[in-house]
Amino acid sequence: FQDTFVLKVISDHYVQNTKVNCLLPWQIKCLLATKPTTGDPKADSCDSILNGKVNLVLQAPTGSGKTLIAEVLMLRMLLGSQQPLRPSSPSAFQSPQLFATESKAGPPPLHFCKKCLFVVPYRALVEKTTKHLKEVWERPTNQLIRVEGFFGNQTTASGKHSNMNIFRAFLSSKVDIIVCTTEIGAGLIEQLAAAPVRLMDRLGAIVIDEAENLDLGNHRGKGMLSALAIIKREASCTQIIAMSATFLRGQAARLQGWIGGALFVQTKRVQPVTEQVVYTKGPTASSSLMALVQLLQRLVGKQNKQVIIFCSTRNEVRELATSLAKGLQSQEVGQKLNSRLHKLAGSLRRECEGSQVGGVNIERICKARIGIHKADLNSETRLLMERAFKEGLIKLLVATSTIARGVNFPADCVIVHGV
């Protein structure tokens, strides 16, 4: 009954609040995939990715649904690890002191014997992934499944758990899904391996997003490769899921050969992408800018599309956003939308404590429905820009690569400027 309830409320939330109403054919094929056969009936088995017995290296285009695959596998791992919590004796995976503290309030409605670890390379992605999983899992189930994020010395946990570190979160029954940066995830695995009791057995699954970083030449990837070596040695029951849209040539196959399991490559995009090269014959920068303004007037003004322009530097973002705000005429908007733009401008002024954001006049870019996104903006300012773009309030976002990794935006057109 508990499994049915959890699956029902989560699936209903997906259908009602996201664009997901069913699994795509390639996702079903991936979940049902098995380990490559060796021809030896004794060595071969019917274990599949879906039952958590087979590791997975997944390569698929951005926005094709890789994260949903990981979510299905983590949810299945959690629900399959349920056991009644007996207050009379400590759990095999908890310290007696921790168990004594938590058992006073009684066991939680659901007790999962396994934890899942979701590893991403950047702090911004920890915040976004944690927020997403809270929205699709924690809130619909009334916190039967609990998610927290860890980055640097900070955590998304609040209240009396706000000082909880990632190792204590792993031991605690208050957290089921741990989202963290690469360095913190690798450190946790080392701590689990060094513990006097076998804690590694409680790690049900580890998801590594942006897995192209799993390379000895990458300072982040080197630590996680060491952590995966520990998992291979200490925890044969832990499922490893490595995902990326940008594996180097041959990297996915080499990774699959090392961790074992299955390699699944999806090349077809869910949304077709049309690529074009736009250039001007004019010798000056002003002629290039004029061509860009004309293009944006057509895309944003006439066709009502949302556009992201990628720039190579922060200064280029500032200069281009200022120029486009001058070149693009203020759009005629309704009273309700105009009120929301004024509210956005006010929020940006309060957050930036002035009339400029990242060196750009706030009033001017808001009137032109332009936003900026770069590393020298604080997290709250970036969040305001992201939310405004996702809600359609901002039609044009000028940005550096801070939004290029692991963050999905509803863009109709992407322009790489100054190539």
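1. Asp-376 is partly exposed, at a relative accessible area of 44%. That label covers the range between buried (under 20% relative accessible area) and exposed (over 50%), computed with a 1.4 Å probe on protein chains only. Lys-374 is a buried residue, with a value of 2%. The side chains of these two residues, Asp-376 and Lys-374, meet in a salt bridge at 3.8 Å, N to O.

2. Before going on, note how to read the values. This is a predicted model, in which local features need pLDDT of at least 70, side-chain atom pairs count only at pLDDT 80 or more, and totals for chains, interfaces and linings use all residues. Residues are numbered from 1 along each chain as its sequence is written, and side-chain values use heavy atoms, with hydrogens and water left out.

3. Now the overall picture. The protein has 14 helices and 14 strands. Of the 419 residues in the protein, 46% are buried. Take the contacts (heavy atoms within 4.5 Å) with a separation of 6 or more: residues 24 or more positions apart account for 74% of them.

4. How many salt bridges does the structure hold? The count is 13. The term means a side-chain nitrogen of Lys or Arg within 4 Å of a carboxyl oxygen of Asp or Glu. Side chains of opposite charge can pair when their charged atoms come close.

5. Look at Arg-198 in detail. Its side chain meets that of Asp-201 in a salt bridge of 3.0 Å, N to O. Asp-201 is partly exposed at 23%. Glu-234 is also partly exposed, with a relative accessible area of 23%. Arg-198 itself is partly exposed, at 47%. A salt bridge also links the side chains of Arg-198 and Glu-234, at 3.7 Å, N to O. Arg-198 lies in the loop between α7 (182-194) and β6 (203-208), and Glu-234 in helix α8 (residues 219-234), so this pair ties together parts that are 36 residues apart in sequence.

6. Next, helix packing. Helix α3 (residues 66-80) packs against helix α5 (residues 123-138) at an angle of about 55°, and their axes are 13 Å apart. The axes are lines fitted to C-alpha atoms, for helices over the stretch in contact, and angles run from 0 to 180 degrees between N-to-C directions. The two helices, α3 and α5, are therefore oblique to each other. Angles under 35 degrees count as roughly parallel, over 145 as roughly antiparallel, 65 to 115 as roughly perpendicular, and the rest as oblique.

7. The crossing of α3 and α5 is right-handed. A crossing is left-handed if the near helix is turned anticlockwise from the far one by less than a right angle, and right-handed if clockwise. From α3, the contact uses Glu-71, Met-74 and Leu-75; from α5, it uses His-132, Leu-133 and Trp-137. These residues of the contact of α3 with α5 divide into 4 nonpolar, 1 polar and 1 charged. Here Ala, Val, Leu, Ile, Met, Phe, Trp, Tyr, Cys and Pro count as nonpolar, Asp, Glu, Lys and Arg as charged, and the others, Gly among them, as polar.

8. Compare that with a second pair. The axes of α7 and α8 come within 9 Å and cross at roughly 25°. This makes α7 roughly parallel to α8. Their crossing, α7 with α8, is left-handed. On the α7 side, residues in the contact include Ala-186, Ile-189 and Ala-193; on the α8 side, they include Met-224, Ala-227 and Ile-230. The contact of α7 with α8 divides into 7 nonpolar, 4 polar and 3 charged residues.

9. Is Thr-181 buried or exposed? At 7% relative accessibility, Thr-181 counts as buried. It sits in strand β5 (residues 177-181). Leaving out residues up to four places away in sequence, Thr-181 touches Val-119, Val-120, Tyr-122, Arg-123, Val-126, Phe-150 and Phe-151.

10. Finally, check the backbone. Most residues other than glycine have a negative phi. Glu-210 is not a glycine, yet has a positive phi of about 55°. Glu-210 is in the loop between β6 and α8 and is buried at 12%. Arg-369, not a glycine either, has a positive phi of about 60°. Arg-369 lies in the loop between α13 (362-367) and β12 (370-373). Its relative accessibility is 8%, so Arg-369 counts as buried.

Terms used. Helix = DSSP H or I, 4+ residues; strand = E, 2+ residues; numbered from the N terminus.
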